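Dear colleague,

Please find the structure below, handed over for your records. My notes on it follow directly after.

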Amino acid sequence: MFFNHNTTLKSSLLLIIFFVLLIISGCSPGRFAGKEKFTESFSGIPVRVFLDDGAGNYNYSIESSVKLFNENTPVAIVKKGNVLNFSIDGNRLNLKIADRIFSGYYFIVEPEETGALLRFNGKRYRGLLRFLNENGKVKVINSVPLDDYVKGVVPAEMPLGKGNQYFEALKAFAICVRTYAVNNLKGNGSSFDVYLDTRDQVYGGASVEKRISDKAVDETRNIILGYQGKPAIVYYHSICGGHTEKASNVFHVPDLPYLRGVEDGDPPNCSIAPGFNWNVKFTEQQFIKRLSDAGLILNDNYSLEKMEVTSRFESGRVNELSVQLIDKNGNEKTILINSNRIRYVLKPPDNSAILRSTLFNIFTDDEKNVT
């Protein structure tokens with residue numbers, strides 16, 4: 001099978017930059033709210049970023065002195081060179097440091113020195129790290145002030161240009177990133193707010209921060225995009241493939257006037273981007289396993305009979321993909337995969353990310369292999 005596609009649509013759609021610029025300039029037409037509509041301070045709001053989900057045992061090496069909290073109670077200063085050994089104990093979490101053992105529902109690690117950074121999986125992070133037991137695994141969350149989170153996203157998601165080349169665009173984008181984060185704060189009903197990858201916004205922590213993007217975040221402090229007096233629903237993409245998609249066709253959101261698809265030009269302006277054309281290759285076995293992993297079939301004892309796009313949206317993106325299978329007993333089965341779910345079911349074989357977009361053509365060769 002061969003997926004040929006001419007856009008790198010991320011987990012989101014285009015937010016029309018015109019609206020963002022209206023907010024920056026303070027010229028706020030009737031249905032859009034400017035800064036004056038949101039007088040509260042957003043910059044200090046903590047954002048909880050999901051970093052890792054380990055097994056039942058998890059080790060964290062201390063690279064600079066940290067304060068350790070058992071839930072909200074301070075219990076120790078842990079010096080460089082120690083290792084925190086976490087293990088699951090029912091619905092609680094055990095922690096062993098050298099010859100000391102602690103037990104609690106979660107543990108917090110924060111730098112001993114004000115302004116210092118934490119290291120995790122080779123990257124530097126601001127804020128604190130929370131280790132908790134969830135579903136029998138040690139989950140690691142970075143809790144970081146909102147604007148520090150935005151500073152870790154902007155340079156990871158957008159080219160910075162040379163000098164001040166893209167500065168105004170970076171300011172507009174910082175507003176988009178901040179608005180997206182504000183809309184995804186889940187409160188106490190969830191252990192975290194956002195993922196660190198394209199499932200939400202790519203977040204590189206303090207390791208990716210740059211002076212020009214930090215300045216863009218600072219100069220748009222407390223500004224978010226609004227619609228009818230509330231934070232706007234914000235989606236954005238890296239490459240639109242020539243036409244953006246209506247958001248309600250992809251996500252569970254209302255049909256809003258600023259989230260409808262628009263043409264990018266003829267030829268598309270984004271065609272200069274390196275990822276405008278791409279392909280993903282599967283073997284038949286890999287493709288069947290993807291369906292099994294997604295729970296669409298009970299096992300992978302099937303072979304592929306036929307696959308076709310049965311409907312597309314106006315932008316050309318796939319609305320429905322039909323997959324016809326046959327098992328070893330000759331029983332046929334048809335699976336329909338709709339819209340954005342296609343991207344999560346048909347992740348590339350290397351598991352690097354979800355499928356780039358649903359704007360693709362699909363082919364199979366004589367051996368039913370992915371090309």
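This is a predicted model: local features need pLDDT of at least 70, side-chain atom pairs count only at pLDDT 80 or more; totals for chains, interfaces and linings use all residues.

Residues are numbered from 1 along each chain as its sequence is written, and side-chain values use heavy atoms, with hydrogens and water left out.

Nonpolar cores. The largest nonpolar core holds 64 residues, of which V49, Y60, L84, F86, F131 and Y149 touch the most other members. Helix 3 (residues 167-183) gives the most to this core, with 10 residues. Apart from it lies another core, of 22 residues, including F282, F287, V323 and F360. A nonpolar core here is a set of buried Ala, Val, Leu, Ile, Met, Phe, Trp, Tyr and Cys residues joined through side-chain atoms within 4.5 Å. Buried means under 20% relative accessible area, exposed over 50%, and partly exposed in between (1.4 Å probe, protein chains only). Helices (H or I, at least four residues) and strands (E, at least two) are DSSP runs, numbered from the N terminus.

Residue V83. V83 belongs to strand 6 (residues 83-89) and is partly exposed, with a relative accessible area of 30%. Its C-alpha atom is separated by 6.5 Å from that of N59, 24 residues apart along the chain. Leaving aside residues up to four places away in sequence, V83 touches N59, Y60, S61, K96 and I97; contact means heavy atoms within 4.5 Å.

Helix 5. In helix 5 (residues 284-293), the buried residues are E284, F287, I288, R290, L291 and S292. They pack against strand 18 (302-312), strand 19 (318-327), strand 20 (332-338) and helix 6 (341-345). Just after helix 5, G295 takes a positive phi of about 80°.

Helices 2 and 4. Helix 2 (residues 146-157) packs with helix 4 (residues 211-219) at an angle of about 135°, their axes lying 9 Å apart. Helix 2 is therefore oblique to helix 4. Axes are lines fitted to C-alpha atoms, for helices over the stretch in contact, and angles run from 0 to 180 degrees between N-to-C directions; those under 35 degrees count as roughly parallel, over 145 as roughly antiparallel, 65 to 115 as roughly perpendicular and the rest as oblique. On the helix 2 side, D147, V150, K151, V154 and P155 meet S213, D214, V217 and D218 in helix 4.

Kind regards
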